[in-house]
Amino acid sequence: MRVKNALIAAIVPLITLLPQLTPIATAQSRSDCNKVVIGRERGSQVNMRTGIGTDYEISGYVLVGQQVNMLIGPGGGYMRERDNQGALWHMVEYLPSQTRGWIRQDFIAQNCIR
């Protein structure tokens, strides 16, 4: 039992050093689809989140009027998921800073800018 406890005590700190596999980390590539961030007032801040929903941490922000790139997931399609309230979120990247995060669909224009 002492050996088992010692082994667990040695391994647990090492596990916390491993990179976390979050949805942000699983994004495969950028797409050819850039979209404008929309909102009530040009220049106002829209938060990007580390996960799907406002309970997740803010990974960065973009301003209304700026463009974000839609990211492609492992299956080849755009990365998008619904939160527990049914709102659709998209995984995007703000290219100038390469910041990635989730933005709710109602803050993203419907059409791609080519």
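This is a predicted model: local features need pLDDT of at least 70, side-chain atom pairs count only at pLDDT 80 or more; totals for chains, interfaces and linings use all residues.

User: Where does Asp83 lie?

Analyst: Asp83 sits in the loop between strand 5 (80-82) and strand 6 (88-94).

User: And is Asp83 buried, with or without a salt bridge?

Analyst: Asp83 is buried and has no salt bridge. The nearest side chain of opposite charge belongs to Arg104, 6.3 Å away, while a salt bridge needs the charged atoms within 4 Å.

User: Let's zoom out. How many helices and strands does the chain have?

Analyst: The chain has 2 helices and 7 strands. Reading from the N terminus, the order is α-α-β-β-β-β-β-β-β.

User: What share of the residues counts as buried?

Analyst: Of the 114 residues in the chain, 31% count as buried. The accessible surface of the chain is about 7700 Å², and 53% of that belongs to carbon and sulfur atoms.

User: How much of the contacts comes from residues 24 or more positions apart?

Analyst: Taking the contacts in the chain with a separation of 6 or more, 58% are between residues 24 or more positions apart.

User: Switching topic: how many disulfides does a search of the whole structure find?

Analyst: The search finds 1 disulfide. It joins Cys33 to Cys112, with an S to S distance of 1.8 Å. The pair links distant parts of the chain, 79 residues apart: Cys33 is in strand 1 (residues 29-36), and Cys112 is in the segment after strand 7 (99-104).

User: Is that disulfide left-handed or right-handed, and why?

Analyst: The torsion about the S-S bond of Cys33 and Cys112 is about -85°, so the disulfide is left-handed.

User: Buried or exposed: what about Cys33, and what about Cys112?

Analyst: Cys33 is buried, with a relative accessible area of 0%. Cys112 counts as partly exposed because its relative accessibility is 27%.

User: What does Lys35 touch, if I don't count residues up to four places away in sequence?

Analyst: Lys35 touches a number of residues, including Cys112, Gln66, Met70, Ile108 and Ile113. Lys35 is in strand 1, and its side chain reaches the backbone oxygen of Gln110 at 3.1 Å.

User: How far from Lys35 is the nearest side chain of opposite charge?

Analyst: That side chain is Asp32, 10 Å away. Lys35 is buried yet has no salt bridge.

User: You mentioned Gln66. Where is its place?

Analyst: Gln66 is in the loop between strand 3 (58-63) and strand 4 (67-72). With 23% relative accessibility, Gln66 counts as partly exposed.

User: Which backbone nitrogen does the side chain of Gln66 reach?

Analyst: The side chain of Gln66 reaches the backbone nitrogen of Leu63, at 2.8 Å. Not counting residues up to four places away in sequence, Gln66 touches Lys35, Val36, Val37 and Tyr94.

User: Last one: what separates the C-alpha atoms of Gln66 and Arg42?

Analyst: Those C-alpha atoms are separated by 9.1 Å, and Gln66 and Arg42 are 24 residues apart along the chain.

Terms used:
Residues are numbered from 1 along each chain as its sequence is written. Side-chain values use heavy atoms; hydrogens and water are left out. A disulfide is a pair of cysteine sulfur atoms within 2.5 Å. Helices (H or I, at least four residues) and strands (E, at least two) are DSSP runs, numbered from the N terminus. Buried means under 20% relative accessible area, exposed over 50%, partly exposed in between (1.4 Å probe, protein chains only). Contact means heavy atoms within 4.5 Å. A polar contact is a pair of N or O atoms within 3.5 Å; within protein, one must be able to donate a hydrogen and the other to accept it, and residues adjacent in sequence count only if both atoms are side-chain atoms. Lys and Arg count as positive and Asp and Glu as negative; His and the chain ends are not counted. Accessible areas come from the Shrake-Rupley method with a 1.4 Å probe; for residues, only the protein chains shown count as cover.
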